Amino acid sequence: MEEPREELSADADERAEAPDFEALTPPEELVRGERTRDDFFDAVLALDSPATANDVAELAGHGVDAAREYLDWFERMGIVTQVTESPATYERNQEYLNWRRVQKLRQEYATEELLDFLKTESERAENLESEFDVGSPDEISISRYASETDRSIEDVWERLSAWQTARRRVVLLERALTTESGDGADLQSAV
């Protein structure tokens with residue numbers, strides 16, 4: 001893996017801390033700066049399914065014409081992809097956002113640090129898998145598991161969320177550790 005430029009490398013203090021995965025993806029920083037742009041960007045990040053410019057405008061609290069302009073710009077940047085032509089619908093490009101996270105990990109951390117983070121997250125995911133005794137958090141019904149184990153629904157939900165987060169982090173870290181030619185690879189985690 002090619003070492004990042006000096007100005008892109010983390011200093012000793014930054015390297016002493018584990019990455020804040022929620023802050024790693026700075027897609028917000030890519031387009032932040034103006035209130036209207038922020039509103040549209042937040043609206044796009046909240047999309048769970050393809051949405052029209054009208055939908056995005058409503059979510060952002062701004063006009064449809066502005067939504068069309070921002071969606072066009074976001075599409076050129078790779079943040080959204082157009083799904084249909086008429087009516088034009090757009091969806092969040094999660095692959096692009098993940099790619100940005102992987103690039104940020106590569107820029108800010110040395111290979112040894114990424115390996116340590118991967119070990120930690122892999123162990124966390126394995127421990128949670130053992131706790132629930134199934135292969136995936138998707139196999140658990142929160143309410144049924146809470147009832148059967150006499151745990152609160154909130155507690156089960158939090159543990160399952162932690163498991164899903166650990167699994168996502170493992171995938172990102174594995175991608176960050178692949179060679180540069182693996183940038184486009186959509187690796188599947190064994191976790």
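Strand S2 (residues 80-85) and strand S3 run antiparallel and are joined by five bridges, helices (H or I, at least four residues) and strands (E, at least two) being DSSP runs numbered from the N terminus, and two strands being paired if DSSP finds at least two bridges between them. The two strands form a hairpin with two residues between them, and Gln82 stands opposite Tyr90 in S3. Strand S1 (residues 51-52) also pairs with S3 (residues 88-92) in the antiparallel sense, over two bridges, with Tyr90 as the bridge partner of Ala51. The model is predicted, so that local features need pLDDT of at least 70 and side-chain atom pairs count only at pLDDT 80 or more, whereas totals for chains, interfaces and linings use all residues. Residues are numbered from 1 along each chain as its sequence is written, and side-chain values use heavy atoms, with hydrogens and water left out.

Ten salt bridges were counted, a salt bridge being a side-chain nitrogen of Lys or Arg within 4 Å of a carboxyl oxygen of Asp or Glu. In one of these, the side chains of Arg35 and Asp39 meet at 3.7 Å, N to O; Arg35 is exposed at 66% relative accessibility, whereas Asp39 is buried at 14% (buried, under 20% relative accessible area; exposed, over 50%; partly exposed, in between; 1.4 Å probe, protein chains only). Glu121 forms a salt bridge with Arg169, the closest N and O atoms being 3.6 Å apart. Because Glu121 lies in helix H8 (residues 111-132) and Arg169 in helix H10, this pair ties together parts that are 48 residues apart in sequence. Both Glu121 and Arg169 are buried.
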